[in-house]
Amino acid sequence: MFHAGQVRAPYGRLQDWMAAMPAELRQMKQAEAEELFRRIGITFAVYGEGGDPDRLIPFDMFPRVFTAQEWARLDRGIRQRARALNAFLADVYGRGEIVRAGRIPADLVYKNAAYEKSVAGFVPPKGVYSHIVGIDLVRTGPEDFYVLEDNCRTPSGVSYMLENREIMMRMFPDIFRENRIEPVDRYPDLLRRTLASVAPAKCNRDPNIVILTPGHFNSAYYEHSFLADLMGVELVEGQDLFVEGEFVWMRTTEGPRRVDVIYRRIDDDFIDPLCFRPDSMLGVPGLMDVYRSGGVSICSAPGAGVADDKAVYTYVPEMIRFYLGEEPILQNVPTWQCAKGDDLKYVLENLGELVVKEVHGSGGYGMLVGPKSTRDQIESFRARVAANPGNYIAQPTLALSASPTFVEEGVAPRHVDLRPYCLVGERIELVPGGLTRVALTEGSLVVNSSQGGGVKDTWVLAE
């Protein structure tokens, strides 16, 4: 909101809005927002901490704002990255030209736990592997944005992007009249259109789309049911589907109904017990045979996770140059790969100054924020890294931008990141905005809801 002591232009009206809101009204509105979240049922699950695992996600009423010019640049960079990531997936499950050219180590790809040999040589409909790409971005200066990580499998959180806007419009209609804000409510229609556009070769009619969920115990179950409702498609569990002949069928009260596109929200390992984990009760036996024969589309494709591995992430700028012949619009955060001897030596010598992450970690787990950690925590992590260097990468502690956030004392800066959602089908589509996650603990750099983070509405101002 501030730069060099001055209020930045896009926040001008919000400064007046903030100043005119007495503490009593702010507290009343915050309680109203929490009640709306509770009534709608917007929760996420945290396990292993005791008590009720379903929690209300903390919502901050102070929106984050981007100008049209800022968003135009982010939009171009996100689309570029999504194209390159999909080109990489098509390549490594095909001829592997980027490996042959020596641009990325073969072991990093073909020995990666997320690489699925069962789909090598198979090309999914329209050649798209990752249909919903979540790109996590951080800002470090007026013109400086960095990609923190890519999410090519099943990025979550888009329901919060939509509900944050709905609740803000309901509580503060006046500020939406005073500011020209780009809408985000087209996302469900764009998602459905994207999924329909990648229907399999054997589909000769309007495709029947379903969302495959692990069930109501999953931390993102609310989002699964929310998106199914908004798209007007069925929410199913593995037991609701079965394979017969060349197709996948859904059990209904009117008899079996053929399924053409499955937006799956379960991990690769659980999709098909005949192909992956034999003890999976979440998937559909025989699903992969139908998929490989062109009878059904799975979004995102099994094996897409090899593109969002945190070690593979370091090579995405090279992917952009190799496949697109372009320079990256959005830069990576400088990253040390602990699998490399020199990098490991530097990381172990500077653990107290770095952020260290597990290559396959997510949700803010399995990471060390050096400057915020105790000596014992650092030494414990040092032993883990030294024992298995290939499982870790490290990054500098960036001076992340902070957004004004309502706290008990009034308004205070809290660190934020941004996750836009890029849809890839016959075309690439992006709604203007995304999910802003905020680290509600003072000084914290960890924004994940599972680690005490919250969410904000994200505004892109129209030109």
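This report describes selected helices, strands, a pocket and some local backbone features of a predicted model.

## Basis of the description

The model is predicted, so local features are given where pLDDT is at least 70, side-chain atom pairs count only at pLDDT 80 or more, and totals for chains, interfaces and linings use all residues. Residues are numbered from 1 along each chain as its sequence is written, and side-chain values use heavy atoms, with hydrogens and water left out.

Helices (H or I, at least four residues) and strands (E, at least two) are DSSP runs, numbered from the N terminus.

## Two crossing helices

Helix H3 (residues 68-92) and helix H11 (residues 316-324) have axes that come within 9 Å and cross at roughly 80°. Axes here are lines fitted to C-alpha atoms, for helices over the stretch in contact, and angles run from 0 to 180 degrees between N-to-C directions. H3 is therefore roughly perpendicular to H11; angles of 65 to 115 degrees count as roughly perpendicular, those under 35 as roughly parallel, those over 145 as roughly antiparallel and the rest as oblique.

On the H3 side, the residues that meet H11 include Arg81, Leu85 and Phe88. Among their counterparts in H11 are Met319, Ile320 and Tyr323. Contact means heavy atoms within 4.5 Å. The contact of H3 with H11 comprises ten nonpolar, one polar and three charged residues. In this classification Ala, Val, Leu, Ile, Met, Phe, Trp, Tyr, Cys and Pro count as nonpolar, Asp, Glu, Lys and Arg as charged, and the others, Gly among them, as polar.

Strands of a sheet pair through backbone hydrogen bonds, either parallel or antiparallel. Two strands are taken to pair if DSSP finds at least two bridges between them.

Strand E6 (residues 132-141) and strand E7 (residues 144-151) run antiparallel and are joined by seven bridges.

Strand E8 (residues 209-212) is joined to E9 by three bridges in the parallel sense, and Leu212 stands opposite Val236 in E9.

Another open sheet consists of three strands in the order E10-E11-E12, with antiparallel pairing. Its edges are strand E10 (241-244) and strand E12 (257-259), each of which has a single partner strand, so one side of each is left without a neighbour in the sheet. Here the twist averages 45° from one strand to the next. Three bridges join strand E11 (residues 247-250) to E12 in the antiparallel sense, with Met250 opposite Arg257 in E12.

## The second largest pocket

The second largest pocket holds about 460 Å³ of space. A pocket is defined on a 1 Å grid over the protein atoms alone, with a 1.4 Å probe, as an open set of points with protein on both sides within 12 Å along at least five of seven lines; lining residues have an atom within 4 Å of a point. Grid points are joined across faces, edges and corners, and the volume is the space filled by probe spheres set on the points.

The lining has 19 residues, of which Gln30, Glu34, Phe59, Phe406 and Leu440 lie nearest the centre of the pocket. Helix H2 (23-40), strand E5 (59-66) and strand E20 (402-407) each supply at least two lining residues, and H2 gives the most, with six. By class, the lining has ten nonpolar, three polar and six charged residues.

## Local features

Trp336 lies in strand E16 (residues 336-337). Trp336 and Gln395 are 59 residues apart in sequence, and their C-alpha atoms are 6.3 Å apart in space. Leaving aside residues up to four places away in sequence, Trp336 touches residues including Tyr346, Leu354, Ile393 and Pro396.

Most residues other than glycine have a negative phi, and most peptide bonds are trans. Ala4, in the loop between strand E1 (2-3) and strand E2 (6-7), has a positive phi of about 55°. The peptide bond from Cys299 to Ser300 is cis, with omega near -5°; Ser300 is found in the loop between E14 and H11.
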